[in-house]
Amino acid sequence: MSDPRLPDPELDPTTGALHADFTDYALPPERSTPSAAAVVSIILVLFLVIGAIVFFATRSDDSGETVITDNAAAITLTLQRISPNSNPIPASIIAEITGPADAPAAFIWLAPANAVAPAAATAVTDGNGEVVFQWAPLERIDPSSEWRSDVVLQEELRPNETLAAVSSACTLNRPNALGGGETTSNISIAAEIETAPVTAARGVSYRFPGHDFLPGDRVRCEIVAGALNIEPATTLAPETALESTTTVVPETTLVSTTVPATTQPPATTQPPATTQSPATTVAPITTEVPATNALTTVDARIDLSTFRNLIARAGLREQLGRDDVRITLLAPDNDAIAAFLAEDGAPDLNDEATARTFILSYVFVGDILESSDIAARRELQFEEGPVRAIDATVSPITIGGAPVIATDELTDLAVVHTLGSTFATAE
């Protein structure tokens, strides 16, 4: 039986043999039907590809910045903590998000990358004093949707820290409801500080009164610190004891006189002389002025506000303010600490133990070393960290690789020198 896939055979009229074209004809390949296993494999691959696209669409890249490829519903809140002279302040901020009433937990965190909704997210300010929170509805929705959310921020003020104001203006950029561009306006952020002595750590909550966050909103706020509280020591005047003076009136002796007849009257007796009371002497009031120390200088320097805040965070104010020790303090200024925190792998100075180690690595206890004393040395060992080499052959002099940009701020119990950078991590 002939193969139905072959053409009809043709005979050569001359030879009677089959035509050469027919003998050279190759059979077409058999067509195979895909198996069920192959179909399942293809479907699984498609699901994996789609899942990978969704995963990387909202994942942070290696640079730490949030990557959003197609989520126009993302809401971004940037908060900056700065000092009165615009220097960054290290702070740890907690953000708590609440979605619509019918679905308060229906959102995802996009930044910080390690946050998991609906739990609150915690982030630490960077070298610019900034922290970024970013979230979005659980379902990707149209940017014009009325999906609303509310945010409450929390921070802990260190002892003696204050805020410049309890209400500040924030910039809001919101997409136009009809599409095409966005509208810029101002909203308020209000601070509510815990009722506690200013000398103790106090919690503060930040809210946005009368404002709901909509998909696509971008908000930026600056929280400016106030002047550091410095409570003067109260000196009580010593109690003055007034000397009591008692005057004893001399006893008067009466003389019995017998008057005989024809006798002249006796002579008149003069009263005794009166004794004057001695003058009362009032002791002068003496006020003892407390001795100045390293904190006297640090508290008065605006460019050392970050170092001052770290001292408080580390719980070292009492130790550095003692009146029975002599201290040499080398304090990196605000710019030096900001540059240090901006480096890769910088330590978390929001941690009390880490802040304590950092501060003590700049404290020399036991003597007041002026710049001439330091220049005469080859090295110096601080309370923490390795021995730091001193190079007096360069100008300005360096300690542990850090330039000394201001020197010899003397107090009764200490001397403060200012550094233009932090020490090298190791030598």
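Which side chain does a polar contact of 2.9 Å join to that of R301? The partner is T418; a polar contact here is a pair of N or O atoms within 3.5 Å, where, within protein, one must be able to donate a hydrogen and the other to accept it, and residues adjacent in sequence count only if both atoms are side-chain atoms.

## Basis of the model

This is a predicted model, in which local features need pLDDT of at least 70, side-chain atom pairs count only at pLDDT 80 or more, and totals for chains, interfaces and linings use all residues. Residues are numbered from 1 along each chain as its sequence is written, and side-chain values use heavy atoms, with hydrogens and water left out.

## Overall make-up

The protein has eight helices and 17 strands; these are DSSP runs numbered from the N terminus, helices being H or I of at least four residues and strands E of at least two. Of its 427 residues, 34% are buried, that is, under 20% relative accessible area with a 1.4 Å probe and protein chains only (exposed is over 50%, partly exposed in between).

Contact means heavy atoms within 4.5 Å. Taking contacts between residues at least 6 apart in sequence, 67% join residues at least 24 apart.

## Surroundings of R301

R301 sits in the loop between helix 3 (294-300) and helix 4 (305-313). The residue is buried, at 15% relative accessible area. Apart from neighbours within four places in sequence, R301 is in contact with R308, E409 and T418.

Ten strands form an open sheet with mixed pairing, in the order 3-5-1-10-7-8-9-6-2-4. Strand 3 (107-111) and strand 4 (121-124) are at the edges; each has a single partner strand, so one side of each lacks a neighbour in the sheet.

Strands count as paired if DSSP finds at least two bridges between them. Strand 3 pairs with strand 5 (residues 130-137) in the antiparallel sense, over four bridges. A111 is opposite Q134 of strand 5.

## The disulfide

There is one disulfide, defined as a pair of cysteine sulfur atoms within 2.5 Å. C170 and C221 form the link, with their sulfur atoms 2.1 Å apart. C170 belongs to strand 7 (residues 167-175) and C221 to strand 10 (residues 218-224), so the pair ties together parts 51 residues apart in sequence.

The link of C170 and C221 is right-handed, with 115° about the S-S bond. C170 is buried, with a relative accessible area of 1%, and C221 is buried at 1% relative accessibility.
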